[in-house]
There are 2 protein chains.
Amino acid sequence: MIVKIIAIGSELLSGSSTDTNSQFIINALKSVGISVASVKIVGDEIEAITGALASENDADILLITGGLGPTHDDRTVKAAAQYFDSAIVFSEVVMQHIQALFEVRGIAELSEANRRQALVPEKAELIPNYYGTAPGLIFKKGKTVYYFMPGVPVEMERMFAENILPILQTSGTEPILSAVIRTTGVPESVLFQKIEQWIEINQDLAVSILPHFPEVHIVITKSSPNITRPLLDKKLDEVTAILGDDIYGYDADTLESVVAKQLLKNNLTIAIAESCTGGLIAHRLTNISGSSAYFQQGIICYSNRSKIENLGVREKTLADFGAVSRQTAQEMAVNIRRIANSDIGLSTTGIAGPTGGSPEKPVGTVFIGLASGDHKGTFHFRYNRDRLSNKIYFSQMALNQLRLDMKASYE
Amino acid sequence: MIVKIIAIGSELLSGSSTDTNSQFIINALKSVGISVASVKIVGDEIEAITGALASENDADILLITGGLGPTHDDRTVKAAAQYFDSAIVFSEVVMQHIQALFEVRGIAELSEANRRQALVPEKAELIPNYYGTAPGLIFKKGKTVYYFMPGVPVEMERMFAENILPILQTSGTEPILSAVIRTTGVPESVLFQKIEQWIEINQDLAVSILPHFPEVHIVITKSSPNITRPLLDKKLDEVTAILGDDIYGYDADTLESVVAKQLLKNNLTIAIAESCTGGLIAHRLTNISGSSAYFQQGIICYSNRSKIENLGVREKTLADFGAVSRQTAQEMAVNIRRIANSDIGLSTTGIAGPTGGSPEKPVGTVFIGLASGDHKGTFHFRYNRDRLSNKIYFSQMALNQLRLDMKASYE
């Protein structure tokens with residue numbers, strides 16, 4: 001069964017909005033084992049809409065969103081009427097629905113634009129819209145069934161989940177078996193080299209290696225009916241044995257959620273001193289619900305003054321080695337741990353750019369300090385893109401070193 | 001001139017990645033007056049790629065991203081060779097580029113996967129890739145020129161901006177006249193009510209009100225040739241007069257960039273004490289290059305202990321009113337200002353959830369404290385979605401109150 005999506009909306013082609021509806025549909029269909037062959041985004045012009053309907057008609061199921069709204073630039077009803085050669089008629093049922101909807105909102109008087117929503121193509125089967133005025137539309141033509149839905153996400157999502165997915169579900173197979181292996185700190189090409197042979201052997205799996213800055217994900221999907229969940233898990237174990245510590249997690253894990261789990265499991269508290277990451281590490285670690293159990297304190301010390309006064313970094317260290325140095329990173333980590341009385345101290349100092357670099361310490365240089373248990377250490381990385389990407393990369397390397405250190409020391 | 005985009009990548013149809021490349025291209029083209037007719041997303045299968053190339057060949061310019069990488073699931077080169085009936089040959093030029101790129105990264109030994117990147121279709125004109133190994137490809141067939149770019153955003157963006165946009169630019173007209181008015185803190189429906197009449201009068205403008213959490217943007221585009229840039233600016237002044245402080249900026253402004261400009265202009269320094277936002281405000285304010293000029297210090301004090309020890313919040317305040325209270329927020333702001341010796345102190349304390357709420361102080365409650373010049377104040381907001389959204393909303397409200405306060409006090 002070929003399923004395709006058409007997203008209608010000039011705003012999707014003007015840079016002001018992105019098409020989130022298709023992602024919702026893709027994920028919903030995935031849960032019942034149906035994959036989507038393509039997504040096409042076109043503007044609100046009638047010819048663009050009818051053109052897309054025609055060019056995508058090799059699909060068995062065509063899911064169309066957008067352009068059903070009340071304003072002058074919603075032209076999907078007109079385009080559908082033209083494409084399916086149907087008259088447009090007034091629907092009493094839809095009108096009653098609109099009136100009921102507005103009564104709930106405390107509006108007695110309907111606008112002309114709202115009344116227009118009751119005009120529907122005669123040949124269409126209607127789908128109720130719980131949250132909005134425009135009904136969904138179903139047409140059949142050739143081998144294709146066309147489902148038209150509103151573009152407003154909350155309206156589309158409920159309509160799709162309640163009225164369309166249950167119909168399609170029966171045509172789906174079991175849920176698509178797949179797993180995501182999440183790695184960080186290792187380039188895509190190196191990962192590929194490591195598992196190339198394994199991929200060769202496992203022809204009944206589809207393996208994709210996908211960069212998701214600052215990570216690389218390996219997506220494994222069953223491409224043969226022989227693969228069962230236990231077999232897929234065995235395959236995951238094989239990849240895990242090959243890649244080892246390159247892997248930080250699986251499926252919906254995030255690096256911060258994995259680090260949080262390690263901290264909680266080992267009953268550890270942490271304090272963070274951030275210079276170049278400016279609060280991003282703390283932000284990531286506190287994105288996890290329950291983070292107050294391990295997150296002791298964070299200090300963002302941008303200036304030398306703040307490093308001296310709030311963190312007790314020695315003036316001599318800053319003078320001799322500079323603020324961006326192994327020595328400063330180490331003192332920051334050791335001192336924040338002492339100040340916060342935590343088990344672990346983690347620090348960053350570097351140059352996020354775009355200015356502030358030197359030939360010796362170019363933009364993108366970062367030193368990470370760690371103090372944990374009876375040991376301490378520093379790490380150095382270099383990376384340069386834009387300021388925000390650099391901050392994200394720095395925070396990622398810091399969290400990853402923390403992960404690796406806890407794994408080695410406590411697990 | 002018809003311009004279309006094809007985005008290649010099974011990950012874009014599997015729910016694991018969204019197609020951000022097309023948005024980048026759309027925005028870049030918009031700046032030179034070129035609009036995009038459609039976007040088509042297809043998977044990495046050779047037939048899917050060649051099928052899309054064929055079905056979109058009514059375009060004059062076809063911009064294609066993805067599938068040029070080093071791994072086995074990158075099949076665009078093969079598909080292009082097949083579609084354009086070209087042999088695949090080894091390119092010495094590309095090989096030298098790959099070697100140079102890896103030398104910089106300190107890698108002497110190239111993997112087989114990396115060498116494979118030097119295999120290109122013989123009929124293609126090559127485009128250099130500054131950040132990656134895979135070159136871009138240009139083909140001509142019929143009336144269509146095909147530009148193939150890598151899918152990795154940073155590689156694609158530089159390639160497009162430096163090597164493709166300048167060619168297309170000459171075919172563009174004048175830039176599409178449009179402006180974005182950026183607001184925060186006011187619901188979409190309220191904004192609409194305020195400018196409804198103004199929209200009615202200005203039929204030669206296309207006006208869209210688009211929610212972009214945690215903001216609402218008003219996009220104004222000329223829909224008549226009568227509109228010139230000075231006239232559009234006059235129209236912006238009219239909307240600005242109606243909406244006043246609801247507007248924080250225009251076009252590419254961000255709330256943090258606007259706040260940074262205010263701080264710099266008035267020669268003010270700031271220190272931040274964050275509880276529920278966990279470093280996010282500091283992160284946002286330090287995303288601006290040059291932030292060390294105003295960003296004095298940040299403290300993330302999650303626990304009561306940290307609020308007492310590091311910020312000097314009185315135990316009595318915490319006992320009498322709770323950590324999430326106006327009183328605590330106020331002390332946090334006043335104290336961080338004193339500790340950091342800054343001009344402004346800003347604080348947050350609240351419940352990001354999903355746990356930790358009470359009937360009196362439900363999840364989504366936030367108190368914001370501000371100490372600036374000779375005045376101080378607190379602000380209270382309530383909002384609840386998920387933990388991360390709540391943190392984003394809290395940080396947005398804090399930065400917005402800071403903006404409004406500086407506007408009233410210093411401008």
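The centres of domain 1 and domain 3 of chain A, taken over C-alpha atoms, lie 49 Å apart in this predicted model. These two domains belong to an assignment that divides chain A into domain 1 (3–169), domain 2 (178–250) and domain 3 (255–410).

On the side of chain A, 66 residues take part, and they are in contact with 69 residues of chain B. Together the chains bury an area of about 5200 Å², and carbon and sulfur atoms contribute 52% of this area. Within chain A, the residues that lose the most area to chain B are A:L13, A:I300 and A:Y302, which together account for 11% of what that side buries.

Polar and charged groups also meet across this interface. There are 36 residue pairs in polar contact between chain A and chain B, counted where both residues have pLDDT 80 or more. Sorted by class, the side of chain A that touches chain B comprises 25 nonpolar, 31 polar and ten charged residues. Three salt bridges are counted between chain A and chain B. A salt bridge is formed by the side chains of B:K40 and A:E56, with a distance of 2.9 Å from N to O.

Strand β2 of chain A (residues 38–42) pairs with strand β2 of chain B (residues 38–42). The pairing is antiparallel and extends over five bridges. Within it, A:I41 stands opposite B:V39, a residue of β2 of chain B.

Some points of the backbone of chain A also deserve attention. Most peptide bonds are trans, and most residues other than glycine have a negative phi. Against this background, the bond between A:F213 and A:P214 is a cis peptide bond, with omega of about 0°. A:P214 is located in the loop that runs between β10 (205–212) and β11 (215–222) of chain A. A cis peptide bond also joins A:G353 to A:P354, and its omega is about 0°. Here A:P354 belongs to the loop between β15 (344–350) and β16 (365–372) of chain A.

A:D85 is found in the loop between α3 (76–83) and β4 (88–90) of chain A.

Terms used: Residues are numbered from 1 along each chain as its sequence is written. Chains are lettered from A and ligands numbered from 1 in the order in which they are written. This is a predicted model: local features need pLDDT of at least 70, side-chain atom pairs count only at pLDDT 80 or more; totals for chains, interfaces and linings use all residues. Side-chain values use heavy atoms; hydrogens and water are left out. Contact means heavy atoms within 4.5 Å. Buried area is the accessible area (1.4 Å probe) that two parts lose on being put together, summed over both. A salt bridge is a side-chain nitrogen of Lys or Arg within 4 Å of a carboxyl oxygen of Asp or Glu. A polar contact is a pair of N or O atoms within 3.5 Å; within protein, one must be able to donate a hydrogen and the other to accept it, and residues adjacent in sequence count only if both atoms are side-chain atoms. Ala, Val, Leu, Ile, Met, Phe, Trp, Tyr, Cys and Pro count as nonpolar, Asp, Glu, Lys and Arg as charged, and the others, Gly among them, as polar. Two strands pair if DSSP finds at least two bridges between them. Helices (H or I, at least four residues) and strands (E, at least two) are DSSP runs, numbered from the N terminus. Domain bounds come from an automatic or database domain assignment.
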